[in-house]
Amino acid sequence: MVMKESMNRIVKSLEYSYIPLQPGFENKCENYVEMKLSRTDALSKIISVFYQFKITENVENFIPVIPDGCIDIIFYGSQGDFFSNICGSVIKSKKISLIKGCEYFGVRFFPGEAIRVLKCSIKEFINNEVPLMDIVKKDLFISEKISKARNFYDRVAIFKNFITSFFLDTHIPLIIEKSIKKICQNKGIVSINELAEYTGYSTRYLRKTFETFVGISPKLLSQIVRFQNCLYMIINEDDYELMDIILECGYYDQSHFINEFKKFIYLTPNQIKLKKF
């Protein structure tokens with residue numbers, strides 16, 4: 001019991017070192033705005049970012065999304081109707097269709113955290129989009145409340161109030177918390193055997209538990225986190241040459257980097273640098 005409590009304290013003290021990106025929203029949509037919670041906010045370890053954008057007549061309504069291992073909940077209204085969808089992580093880059101004339105409000109959960117709200121296996125949401133009300137019955141008017149809110153910050157407040165009760169009564173297994181934090185801290189450069197040794201569980205049990213709480217295997221999440229970290233460096237670090245990024249992100253060589261990059265996105269690093277999303 002003492003050991004378990006000690007492990008819990010260690011997990012709670014760790015900070016996420018993962019910034020999942022979806023550049024397509026920011027680069028393709030109008031009036032994009034986002035907000036990350038303060039680290040003093042208890043929800044900051046669950047929610048990666050709140051965001052909002054518009055699809056106007058000037059915006060192409062097919063927006064590219066890329067793998068990030070996260071679950072998003074997106075709210076929008078159209079012609080007096082109000083909608084909310086659970087959007088699971090894609091496994092490969094694809095374009096999603098959005099409605100012109102709509103303002104969208106989204107909440108992105110860190111890997112392994114959305115189960116607090118959804119209360120069911122995350123595997124069924126991967127590469128899939130499901131109406132929130134098909135899964136969550138606690139507040140049938142949450143879509144209308146958020147869509148009718150006066151501004152972005154009111155929507156954030158409404159959602160935070162909505163999620164608080166879920167946050168308090170849901171337990172995430174220690175193996176998931178430890179493994180995800182290990183993956184994120186190591187920027188995806190960690191093998192499933194290393195995770196098994198670190199947690200004390202078999203690789204088979206790790207895979208099975210990850211399917212339920214994350215929706216994908218530890219190996220795939222590690223690859224996605226590494227890809228996302230590489231993407232962040234390409235977009236935000238002007239001083240890095242491509243070979244510097246390849247080495248720092250733990251790829252064996254340029255061929256290894258290109259093959260894994262193509263697995264997740266249809267653009268080259270140079271196209272990303274030029275914001276070709």
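**Strands, then helices**

Tutor: Strand 2 and strand 7 (residues 102-109) run antiparallel, joined by eight bridges. Keep in mind that this is a predicted model.

Student: What does strand 1 pair with, and how many bridges are there?

Tutor: Strand 1 (residues 30-35) pairs with strand 2 through four bridges. Those two strands also run antiparallel.

Student: Which residue of strand 2 does Val33 stand opposite?

Tutor: Gln52. Gln52 also has a bridge partner in strand 7, namely Phe105.

Student: Is strand 2 mostly covered or mostly exposed?

Tutor: Mostly covered. Strand 2 spans residues 47-55, and eight of its nine residues are buried.

Student: OK, switching to helices. At what angle do helix 6 and helix 9 pack?

Tutor: About 30 degrees, with the axes 9 Å apart. Helix 6 covers residues 174-185 and helix 9 covers residues 218-236. Angles under 35 degrees count as roughly parallel, so helix 6 is roughly parallel to helix 9.

Student: Left-handed or right-handed crossing?

Tutor: The crossing of helix 6 and helix 9 is right-handed.

Student: Which residues meet there?

Tutor: From helix 6, Ile180, Ile183 and Cys184. They meet Pro218, Leu221, Ser222 and Val225 of helix 9.

Student: How does that contact divide into nonpolar, polar and charged?

Tutor: Six residues of the contact between helix 6 and helix 9 are nonpolar, one is polar and none is charged.

Key. Residues numbered from 1 in each chain as written. Predicted model: local features only at pLDDT ≥ 70, side-chain atom pairs only at ≥ 80, totals over all residues. Heavy atoms only, no water. Axes fitted to C-alpha atoms, helices over the stretch in contact; angles between N-to-C directions. Parallel < 35°, antiparallel > 145°, perpendicular 65-115°, else oblique. Left-handed = near helix turned anticlockwise from the far one by under 90°. Contact = heavy atoms within 4.5 Å. Nonpolar A, V, L, I, M, F, W, Y, C, P; charged D, E, K, R; others polar. Buried < 20%, exposed > 50% of the residue type's maximum accessible area, 1.4 Å probe, protein only. Pairing = 2+ DSSP bridges.
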